[in-house]
Amino acid sequence: MDDVKRLLEGFADRAAEALPETDIEADVTRGRRALRRVKRRRRVTGVLCVAAVSALALAVGNQVKWWGNASEVAGGTSEPEKTAAPPTTAPAAKPSTGETMSMFGASVVELVANKQPWNTIDCTLTPKGWTAETPIAANRVVLSQPKTRTADSAAKVVLQAAPQARSLSAVRVADGNGKTFHIGTLDGRPTGQVKLTDQWLLVELPTGSVDWPDDVLRRFMDSCTVN
């Protein structure tokens, strides 16, 4: 910039005597413009150099960081990947104490057509494999299985007609076919009773029996009549 200035000044001094005043002023103006252009180029060049140095530093830093991560993975210093724990299997649901075993695969009494007359108590259905013990009383029928014939009536099915209903515990009441069925317990035995005309039919099941669901017992009592 100093060289240009001196050049302009020298040129102005030499030409001042030979050139008109207007030409000298125009030369000075052109010189100043040239000086400003040089200054602008220097500023732009400086900014570009700073930007280039910053970009280079950023690229080098990123490269170093990338290679640093790669060396950690290769060297095995990174934290090992955690595998998901296998899902736990929920325990199988257990039947509640209020549910009968017949709901969980236990055998259920099968009712079949009854072809044997039972005196004054008569039922069109009978539990399969059970037969009436003889002699059959007028108002009482005892059913048992041949393989379990004993003197203990608590292991048998006892049907009895009576003019009055018995008092049952834990009674469950259901209506069907114009009849009202009462199912509960009597002296610890599962028992059902239903009003038939002017008589009550009482059906006592074996003690601890779980193979007589309520619907099976209702169907059995519904098939009976008292003459």
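Strands β7 and β8 make a hairpin in this predicted model, with two residues sitting between them. Follow the chain on either side and you'll find β7 covering residues 169-176 and β8 covering residues 179-186. The two strands run antiparallel and are joined by six bridges. To get your bearings along the pair, find Val173, which stands opposite His182 in β8.

From the hairpin, let's move to the inside. The largest nonpolar core is made of 26 residues. Leu143, Leu159, Leu201, Val203, Trp212 and Phe220 are the ones with the most contacts inside it. The largest share comes from α3, which supplies four residues.

Now for a look at Lys128, in the loop that links β3 (125-127) to β4 (131-132). Is this residue buried or exposed? Lys128 counts as exposed because its relative accessible area is 51%, and the cut-off for that label is over 50%. Lys128 still has partners from elsewhere in the sequence: with residues up to four places away left out, it touches Glu110 and Val112. Glu110 is 18 residues from Lys128 in sequence, yet their C-alpha atoms are 5.6 Å apart in space.

Methods. Residues are numbered from 1 along each chain as its sequence is written. This is a predicted model: local features need pLDDT of at least 70, side-chain atom pairs count only at pLDDT 80 or more; totals for chains, interfaces and linings use all residues. Side-chain values use heavy atoms; hydrogens and water are left out. Two strands pair if DSSP finds at least two bridges between them. A nonpolar core is a set of buried Ala, Val, Leu, Ile, Met, Phe, Trp, Tyr and Cys residues joined through side-chain atoms within 4.5 Å. Buried means under 20% relative accessible area, exposed over 50%, partly exposed in between (1.4 Å probe, protein chains only). Contact means heavy atoms within 4.5 Å.
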